[in-house]
Amino acid sequence: MENNAEDVKNILGLQLPTDPRWVDLAGISMEAILTDHAYCEQKAATTCISIIQWYPEKERLVAELAPVVTEEWGHFRLVLAELKKRGLKLGRQRKDIYVNGLIGFQTKGGHPDLRFLDKLLLMAMIEARSCERFKRLSEGLDDPYMRKFYRRFMESEAGHYTLFIDLAEHYLDKELVRNRWKEWLRFEAELLDSSEIRGDRIH
Ligand SMILES: [Fe+2]
Ligand SMILES: [Fe+2]
């Protein structure tokens, strides 16, 4: 039996392991969880495009995020194909309480560098938690096929959260990045802790 708390700490220091009840709830409706998952991938792709549009002068960022757009859109298509295969439908996007909560934590004013930093750390945060959630699905779902399906996503998102942190450290002071990341981790844990556990959401 794996130690979840230890495992979570290894994912960029996430402070709160996912409640074990979540996987059981997520397994109840594959249509709901796959729909929410599809939109997570769509938002990841869209946000990477936006970041490129906001910071075209940052060459390394553009070069490294361009292929992530393709990858995330590829993920969207994989989820779409899975829905189709099962005779399920892509539902409508629902209000994303988790992501909206995180967006609320972003610096709105202040120095442009700090706003840039928060844009990258917001992405790192969502990637890190998604990675942890996919890991839970890859270990806890009853269907061995779906466990394998989610294992692939877990591995892919693991590469993404480190990319956003690496980019932040490339452009900004490392200590600034580290300190702000700790604040994000604390906020995210409080946000999850105060949120309802829902099986129809990835987060
Ligand atoms: Fe993805
Ligand atoms: Fe990702």
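Mentor: Axes are lines fitted to C-alpha atoms, for helices over the stretch in contact, and angles run from 0 to 180 degrees between N-to-C directions. The helices themselves are DSSP runs (H or I, at least four residues; strands are E, at least two), numbered from the N terminus. This is a predicted model, in which local features need pLDDT of at least 70 and side-chain atom pairs count only at pLDDT 80 or more, while totals for chains, interfaces and linings use all residues. Residues are numbered from 1 along each chain as its sequence is written, and chains are lettered from A and ligands numbered from 1 in the order in which they are written.

Trainee: Why are helix 6 and helix 8 called oblique to each other?

Mentor: The axes of helix 6 and helix 8 (residues 174-193) come within 10 Å and cross at roughly 50°. Angles under 35 degrees count as roughly parallel, over 145 as roughly antiparallel, 65 to 115 as roughly perpendicular and the rest as oblique, and the pair of helix 6 and helix 8 is therefore oblique. Helix 6 passes helix 8 in a right-handed crossing, right-handed meaning that the near helix is turned clockwise from the far one by less than a right angle, and left-handed that it is turned anticlockwise.

Trainee: Which residues of helix 6 and helix 8 meet?

Mentor: Leu 117, Leu 121, Met 125 and Arg 129 in helix 6 meet Val 177, Arg 180, Trp 181, Trp 184 and Glu 188 in helix 8, a contact being a pair of C-beta atoms, placed from the backbone, that lie within 7 Å. The residues of this contact divide into six nonpolar, no polar and three charged, where Ala, Val, Leu, Ile, Met, Phe, Trp, Tyr, Cys and Pro count as nonpolar, Asp, Glu, Lys and Arg as charged, and the others, Gly among them, as polar.

Trainee: What makes helix 5 and helix 6 roughly antiparallel to each other?

Mentor: Helix 5 (residues 97-105) and helix 6 pack at an angle of about 150°, with their axes 10 Å apart, and this pair is therefore roughly antiparallel. The crossing of helix 5 and helix 6 is right-handed. Val 99, Leu 102 and Ile 103 in helix 5 meet Leu 122, Met 125 and Ile 126 in helix 6, and by class this contact has six nonpolar, no polar and no charged residues.

Trainee: Why are helix 6 and helix 7 called roughly antiparallel?

Mentor: The axes of helix 6 and helix 7 (residues 144-171) come within 8 Å and cross at roughly 160°, and the two helices are therefore roughly antiparallel to each other. Their crossing is left-handed, and the residues of the contact divide into 18 nonpolar, three polar and six charged.

Trainee: How do you know that Cys 40 counts as buried?

Mentor: A residue is buried if 20 or more other C-beta atoms lie within 10 Å of its own, exposed if 12 or fewer, and partly exposed in between, with C-beta atoms placed from the backbone. Cys 40 has 27 C-beta neighbours inside 10 Å and therefore counts as buried. Cys 40 lies in helix 3, and, leaving aside its neighbours within four places in sequence, it is in contact with Ser 130 and Ile 202. Cys 40 and Asp 96 are 56 residues apart in sequence and 9.3 Å apart in space, C-alpha to C-alpha.

Trainee: What covers the buried residues of helix 3?

Mentor: The cover includes helix 2 (21-26), helix 4 (59-85) and helix 6 (112-140). Among the buried residues of helix 3 are Ile 33, Ala 44 and Ile 51.

Terms used
Contact = placed C-beta atoms within 7 Å.
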